[in-house]
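This report concerns the pairing of charged side chains. Please consult the sequence and the model shown below.

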Amino acid sequence: MTEDRLTEIERHMADLEKQMDDLNSVVIQQGKQIDRLEKDYRTLRDSMDASLVKPLSEETPPPHY
């Protein structure tokens, strides 16, 4: 009885350790993806040419106005 219970607890702990390892892998992967996205965002932001964006007062109204 006690041995069966101990075996079940060990099995449960092994499952929890596997889940923890899997979740840790996901967190690491997401962290790398966030780093790449932040780098891409900075690159896009830095490459935007401010002269491409006109102030609203200089914009030509659409033809239907």
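Is aspartate 46 buried or exposed? Aspartate 46 is exposed, with a relative accessibility of 57%; here buried means under 20% relative accessible area, exposed over 50%, and partly exposed in between (1.4 Å probe, protein chains only).

The model is predicted, so local features need pLDDT of at least 70 and side-chain atom pairs count only at pLDDT 80 or more, while totals for chains, interfaces and linings use all residues. Residues are numbered from 1 along each chain as its sequence is written, and side-chain values use heavy atoms, with hydrogens and water left out.

The structure contains 3 salt bridges, a salt bridge being a side-chain nitrogen of Lys or Arg within 4 Å of a carboxyl oxygen of Asp or Glu. They are set out in the table.

| Salt bridge | N to O distance |
|---|---|
| arginine 11 and glutamate 8 | 3.1 Å |
| aspartate 22 and lysine 18 | 3.0 Å |
| aspartate 46 and arginine 45 | 3.6 Å |

Arginine 11 and glutamate 8 lie 3 residues apart in helix α1 (residues 2–47), and therefore about one helical turn separates them. Helices are DSSP runs (H or I, at least four residues), numbered from the N terminus. Arginine 11 is partly exposed at 47% relative accessibility, and glutamate 8 is partly exposed at 43%.

Aspartate 22 and lysine 18 are 4 residues apart in helix α1, again a separation of about one helical turn. Aspartate 22 is partly exposed, at 38% relative accessibility.

Arginine 45, the salt-bridge partner of aspartate 46, is partly exposed at 42% relative accessibility.

Conventions:
Helices (H or I, at least four residues) and strands (E, at least two) are DSSP runs, numbered from the N terminus.
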